[in-house]
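Colleague: Could you walk me through this one? I would like to go piece by piece.

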Amino acid sequence: MNVSDEHFMSRALDLAARADGWVSPNPMVGALLVSGNEIIGEGYHRRLGAAHAEAEAIAATRADHGTGALQASTLYSTLEPCTHFGRTPPCVDDIISAKIPRVVVGAIDPNPKVNGKGVAALRTAGVEVVVGCLADRVRSLNEVYWTYMTKERPFVLLKGAVSLDGKLASRSGDSRWVSSEAARHRGHEMRSRVDAVSIGLGTVRADDPLLTVRYVPIRRRQPTRVVFDTTLGIPPDSRLVATATEVKTIVACGPGAPQDREEVLRARAVEVWRCDLDARGRVSPADVLRRLRTLEIASVLLEGGGTLNASFLEGGFVDRIELFLCPVVLGGIRAVPLVAGNGWESVAAAPRYRFGAVEAIGSDYLVTAYPLASAGE
């Protein structure tokens, strides 16, 4: 590996990032072909079901420079080329048939269907393969995919907007508006990039939200809406229920929830899941996440409130926190906290996080934090 390898891989990563929000549950992948330190073809995986990055870069090179140029080039791909038939044919076959002599790979694909098989197939065919170029950046860009594959559940992003004293809402439940308009728009951008948005029954009753993407462009589709509601207490006239024919809506309840309430919801196009309960007698996040993965939902945006946040944090399911810190003080022991429940017995027992980016958004600050052991590291 050399400096130029890192330079071209950095460009491939820039290409890959263009697919953010478009390709889930697939990873974001960029690729380019280089001959004599000149980029002769580029590509990235644009949409689920579309050509993979390597195939797009090869096609672009062939169209602009002819087949012969491929045989004297180096292919840079942010992720190991695939070897299996999925929604598209194997990328390895394209590379071998094009007689590309050298391939630089950012990171090995954690998908068990690939996971080293692509590199092995290329080397068996006589291709020189370099692995691990900017691997940390590749994993960071694809932290959702890494969690989806290695932990076999969706990546969970906890988003909140809190006062300087850590409150989601005042003692009366009023939260409009703790955050600035710019922060609220950023929140909709977050929604546009995930597969599902989730809240608890308390938030439904307090805010009657829609949980749809607004103010910013919708990407692939509106995210699936998931409500944790142990006893099926969601109001049948709530906006979530009223719009269930337009946006997929799931209510996760306990096994003992009233059957008549389920029938009312199903009649209005709400999908009802009877799930396991956790140790506190509430719907189990683990069970819901497992079920969501079967729907190829790779990411979940957790929008509170405090009780649901506590359940996910206590279960170790939060992979990233995005916290808007807002310049207001609400005060009072009855104000709504970001994390409810009993909390942890001691500081030593509490989960630890590391700070990521800190960004000014309108009058607020957006603080990113990761658990000390996260999939992207």
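Colleague: Which residues of α2 are buried?

Modeller: This is a predicted model, in which local features need pLDDT of at least 70 and side-chain atom pairs count only at pLDDT 80 or more, while totals for chains, interfaces and linings use all residues. Residues are numbered from 1 along each chain as its sequence is written, and side-chain values use heavy atoms, with hydrogens and water left out. The buried residues of α2 are A53, E54, E56, A57, I58 and T61, where buried means under 20% relative accessible area with a 1.4 Å probe, protein chains only. Helices here are DSSP runs of H or I with at least four residues, and strands are runs of E with at least two, numbered from the N terminus.

Colleague: And what covers the buried residues of α2?

Modeller: The cover includes β1, β2, β3, α3 (67-70) and α4 (91-97), with contact meaning heavy atoms within 4.5 Å.

Colleague: What span should α2 have at 1.5 Å a residue?

Modeller: Its 13 residues should span 18 Å, and because the end C-alpha atoms are 18 Å apart, the two values agree; the expected span is 1.5 Å times one less than the number of residues. Just after α2, G66 takes a positive phi of about 90°.

Colleague: Switching to sheets, in what order do the strands of the 5-strand open sheet run?

Modeller: The order is β2-β1-β3-β4-β5, with mixed pairing, and two strands count as paired if DSSP finds at least two bridges between them. The edge strands, each pairing on one side only, are β2 (38-44) and β5 (128-131). Neighbouring strands of this sheet are turned by 15° against each other on average, direction ignored, using axes fitted to C-alpha atoms, for helices over the stretch in contact, and angles from 0 to 180 degrees between N-to-C directions. Helix α2 (residues 53-65) packs on this sheet, touching β1 (30-35), β2 and β3 (74-79), and its direction makes about 135° with that of β2.

Colleague: How many bridges join β4 to β5?

Modeller: There are 4, and the two strands run parallel, with V105 of β4 (residues 102-107) standing opposite V131 in β5.

Colleague: What about the other sheet, which strands are at its edges?

Modeller: That open sheet has 9 strands in the order β11-β10-β9-β8-β12-β6-β13-β16-β15, again with mixed pairing. Its edge strands are β11 (271-274) and β15 (353-361).

Colleague: Last topic, which residues touch the most other members of the largest nonpolar core?

Modeller: Of its 46 residues, L33, I100 and V103 do, a nonpolar core being a set of buried Ala, Val, Leu, Ile, Met, Phe, Trp, Tyr and Cys residues joined through side-chain atoms within 4.5 Å. Helix α1 (residues 3-17) gives the largest share of this core, 6 residues.

Notes: Buried means under 20% relative accessible area, exposed over 50%, partly exposed in between (1.4 Å probe, protein chains only).
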